[in-house]
Amino acid sequence: MPVPLHTTGKASFDDIYDRPDPREYYARMSELDYRIPELAKPFFEQQIREYRASARVATPTVLDIGCSYGVNAALLRFDTGIGELAKHYAAADGDADRDQLVARDRSRLAESDHHSDVRFIGMDAARPALDYAHATGLLHDIVHADLESADPTDEQREVLAGADIVLSTGCIGYVTEKTLLRIATAHPRRRPWMAHFVLRMFDFDPIAEELAALGYRTEQAPGLYAQRRFASADEQQRVLNTLSDKGIDTQGREADGWLYAHLYLSRPGPKGRP
Ligand SMILES: C[S@@+](CC[C@H](N)C(=O)[O-])C[C@H]1O[C@@H](n2cnc3c(N)ncnc32)[C@H](O)[C@@H]1O
């Protein structure tokens, strides 16, 4: 069956965020060699270390936007890689139901949590994925919202306002400056740090400009990070066209079959300091 394409030209996997557990998500991502959360992990750990030192906060709160089944929290807290995580879910008995998978993740977390001194919050528009991550304990709190289309409710704003560091993988593009501004201003004064891995087909400038108006400075970290293989020739062609229109050289990169992302780091200036 052909892979459906999002309006951006990128493959759409919307159907696999709506399953009660993450087995299909990891199976599909593993077929495509999806690896950006694993490449992101050391950078996210560095942000947490630096935030802790700078704000002198013992237990910082990390908000993962578009967290799906708590993917970044799982990699950080289980201290594992995406391939190993895919195997962990693939090894679950085919007859296992959601409750059994949740129980397995809960006990794994109880045995060993490499970031027990971090609070993890996840936000996503897909309720089943979010509920799974919350039930396992991988996420301490969740916000089920699409902030592209509406302001957060008072209750959601209160949770978002607790974020010290906002991060994302594979999400910018689905979400724009609309979502990020609503998150950045959830607290009336305190502005969270941000670290987003963004595919080259998406422009971070509009987000950086809006954040700058709030006093943020944004830098693009050095390097390019392989996100995953293209899901189809059709997807590759659409993305190559988009990149070529932007004047981006794809030789040895997207032209060879992989999507690539940049890391953008945004921190508030002195007024928004924690
Ligand atoms: C490609 S997945 C990435 C999941 C995870 N971050 C990872 O790297 O494995 C994109 C996620 O963004 C979520 N999403 C899409 N549009 C959204 C929106 N407007 N607000 C919040 N989440 C959204 C989807 O439900 C999905 O879980």
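Me: Which residue's backbone oxygen lies 3.0 Å from a polar atom of the Q156 side chain?
Reply: The backbone oxygen of H144. That's a polar contact, meaning a pair of N or O atoms within 3.5 Å; within protein, one must be able to donate a hydrogen and the other to accept it, and residues adjacent in sequence count only if both atoms are side-chain atoms.

Me: What are we working from here, and how are residues numbered?
Reply: It's a predicted model, so local features need pLDDT of at least 70 and side-chain atom pairs count only at pLDDT 80 or more, while totals for chains, interfaces and linings use all residues. Residues are numbered from 1 along each chain as its sequence is written, and side-chain values use heavy atoms, with hydrogens and water left out.

Me: Back to Q156. What does its side chain reach at 3.0 Å besides H144?
Reply: The backbone nitrogen of T153, at 3.0 Å.

Me: Where is Q156 found, and is it buried or exposed?
Reply: Q156 belongs to helix 7, residues 154-160. Helices (H or I, at least four residues) and strands (E, at least two) are DSSP runs, numbered from the N terminus. Q156 has a relative accessible area of 18%, so it counts as buried. The cut-offs are under 20% for buried and over 50% for exposed, with partly exposed in between (1.4 Å probe, protein chains only).

Me: And which residues is Q156 in contact with, leaving aside neighbours within four places in sequence?
Reply: V143, H144 and A145. Contact here means heavy atoms within 4.5 Å.

Me: What are the polar distances from the ligand to Y25, Y34 and A125?
Reply: Y25 has a polar side-chain atom 2.5 Å from a ligand oxygen. For Y34, a side-chain N or O atom is 2.6 Å from an oxygen atom of the ligand. At A125 the backbone is involved, with a polar atom 3.3 Å from a nitrogen atom of the ligand. Taken alone, the ligand exposes 600 Å², and the protein buries 93% of that. These areas come from the Shrake-Rupley method with a 1.4 Å probe; for residues, only the protein chains shown count as cover.

Me: What sort of space does the ligand take?
Reply: The largest pocket. On a 1 Å grid over the protein atoms alone, a pocket is an open set of points with protein on both sides within 12 Å along at least five of seven lines, whereas a cavity is a set where a 1.4 Å probe fits but cannot get out; lining residues have an atom within 4 Å of a point. A molecule sits in one if more than half of its atoms lie within 2 Å of its grid points.

Me: What does the D124 side chain reach at 2.8 Å?
Reply: The backbone nitrogen of S68. D124 and S68 are 56 residues apart along the chain, with 6.2 Å between their C-alpha atoms. Not counting residues up to four places away in sequence, D124 also touches others, including G66, C67, V143, H144 and A145.

Me: Where are R56 and D79?
Reply: R56 is in the loop between helix 2 (36-55) and strand 1 (61-65), and it's exposed at 75% relative accessibility. D79 is in the loop between helix 3 (71-77) and helix 4 (82-90); D79 is partly exposed at 37%.

Me: Last one: what does T8 touch beyond four places in sequence?
Reply: M201, F202, R238 and T242. T8 lies in the segment before helix 1 (23-31) and is partly exposed, at 22%. The C-alpha atoms of T8 and F202 are separated by 9.0 Å, though the two are 194 residues apart along the chain.
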